[in-house]
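Let's take a look inside a protein together. Keep the 3D view open as you read.

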Amino acid sequence: MALQLYNTQTRQKQVFEPIDAANVRMYVCGPTVYDFAHIGNARPLIVFDVLYRLLRHLYGEDHVTYVRNITDVDDKINARAAERNISIRELTEETNATFQADAKALGCLEPNIQPRATEHIHAMIALIERLILTRHAYVAEGHVLFDVPSMPDYGRLSRRPLDEMVAGARVEVAPYKKSPTDFVLWKPSAANEPGWESPWGYGRPGWHLECSAMSWQYLGEVFDIHGGGIDLVFPHHENEIAQTCSAFGHSVMANYWLHNGFLQVEGQKMSKSLGNFITIREALKDWPGEVLRFNMLKAHYRQPIDWTLASLNESQRELDKFYPVAKQFAVSSATLAPEFLVALEDDLNTPEAITVLRRLYREAQSGDVALAGTRFASSGHFIGLFQSDLADWNPAPILLDKSHVESLIEARLEARRTKDWAESDRLRDELIGMGIALKDNKDGTTSWEVKR
């Protein structure tokens with residue numbers, strides 16, 4: 001089966017055909033290094049790491065270039081550095097070191113190139129000069145702005161009506177703008193703010209500009225794959241396309257646009273106000289990185305994912321079971337299960353790939369042990385599992401919200417009292433999935449204990 005990827009640009013799965021099979025090029029939006037990355041940021045890290053591994057397998061390790069940028073100039077960075085009374089460079093170095101350690105703990109390979117925005121200001125200035133020359137940008141009161149109406153097909157990626165774009169972008173109302181949709185390419189910096197000399201005065205780039213500049217520098221004017229979270233489709237990726245296509249006169253910036261879905265925590269949007277904001281660093285204190293990774297991969301990357309304690313416990317239990325078997329066999333990319341590879345080639349269908357992995361695990365314990373076991377170990381390793389030595393794999397304790405467990409048990413008892421057997425069975429299955437062993441007592445009560 002040929003690799004097929006869902007292209008946000010066309011809203012359909014397409015057979016992947018690289019511009020140059022000897023140099024497959026992928027750009028993914030990286031972190032803004034002002035604070036610890038949250039667990040939602042882990043999703044694109046893991047998703048595009050799997051794609052990177054697959055591309056290297058299909059085209060050769062030396063024939064794939066993966067670029068993931070580091071945003072180290074941003075108003076959030078300025079504010080956080082001032083809040084902590086440290087230099088901007090000190091903040092970004094510290095935060096980036098934490099991010100790199102987190103990515104490694106999640107089993108992610110390092111991209112080929114991780115360019116910093118602050119080291120590519122000259123490329124950004126050159127890009128702005130091209131946009132001014134082609135009449136897609138203009139200078140106004142020390143700012144340089146992209147002239148959105150100058151690009152007739154602006155909005156093609158997100159497919160939003162113009163009025164929705166204005167609302168969605170939360171555009172700054174400014175008298176110097178020709179159109180409310182116009183966005184900043186360059187803005188003035190105060191003396192105490194980061195800035196660089198430019199033809200338009202001392203200032204700094206707009207956020208969208210850096211990705212256009214750095215992808216151009218390392219991957220060319222048009223490249224194969226651009227990825228990121230679904231929240232980046234508009235305005236960030238829309239504006240990247242506008243800048244790059246207008247500067248170089250191409251109809252596309254990247255041939256395939258891939259976006260991972262949103263992440264919720266226990267059924268709610270993650271936010272600090274709700275008290276459910278989880279950083280990768282915090283999650284790694286409770287779980288091995290492979291548990292977090294496996295938990296992510298059990299959902300298809302384009303679908304929303306609900307990050308729950310129950311699902312983490314189940315992922316932990318399953319890896320505890322897998323690990324001793326996987327470590328009995330040598331790993332080789334030549335022994336990947338064919339149906340496992342077919343699943344990944346179908347738009348990174350990791351849930352189906354994991355279904356294959358589970359079958360191989362069962363076969364490794366009976367039947368053709370050697371072949372199934374080698375394919376099991378190799379296939380799991382391919383998606384970033386089974387990376388630790390068995391001696392280093394310490395099963396983590398099952399974490400439970402006791403009050404939540406007891407509320408589910410009480411709800412099940414009520415369903416049994418009202419003879420709602422379907423609801424009773426559903427609640428029983430949910431509790432079993434959390435690792436809870438139930439015992440229905442003769443007096444009508446239910447006792448429980450945790451089973452790994």
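## Before we start

This is a predicted model, so to speak of local features a pLDDT of at least 70 is needed, side-chain atom pairs count only at pLDDT 80 or more, and totals for chains, interfaces and linings use all residues. Residues are numbered from 1 along each chain as its sequence is written, and side-chain values use heavy atoms, leaving out hydrogens and water.

## A three-stranded sheet

Here's an open sheet of three strands, in the order S12-S11-S13, with mixed pairing. At its edges sit S12 (268–269) and S13 (305–307), each pairing on one side only. Strands (E, at least two residues) and helices (H or I, at least four) are DSSP runs, numbered from the N terminus; two strands pair if DSSP finds at least two bridges between them.

S11 (residues 263–265) runs antiparallel to S12, with two bridges. Val265 has Gln268 in S12 as its bridge partner.

## The largest cavity

A cavity is a set of points on a 1 Å grid over the protein atoms alone where a 1.4 Å probe fits but cannot get out; lining residues have an atom within 4 Å of a point. Two cavities reach 30 Å³ or more, a volume being the space filled by probe spheres set on the points.

The largest has about 60 Å³. Its lining includes Arg43, Met296 and Tyr301. Helix H1 (39–59) and helix H9 (289–297) each give two or more residues, and H1 gives the most, with three.

## The second largest cavity

This one holds about 40 Å³, and among its lining residues are Gln9, Asp153 and Ile241.

Definitions and conventions. On a 1 Å grid over the protein atoms alone, a cavity is a set of points where a 1.4 Å probe fits but cannot get out, and a pocket is an open set with protein on both sides within 12 Å along at least five of seven lines; lining residues have an atom within 4 Å of a point.
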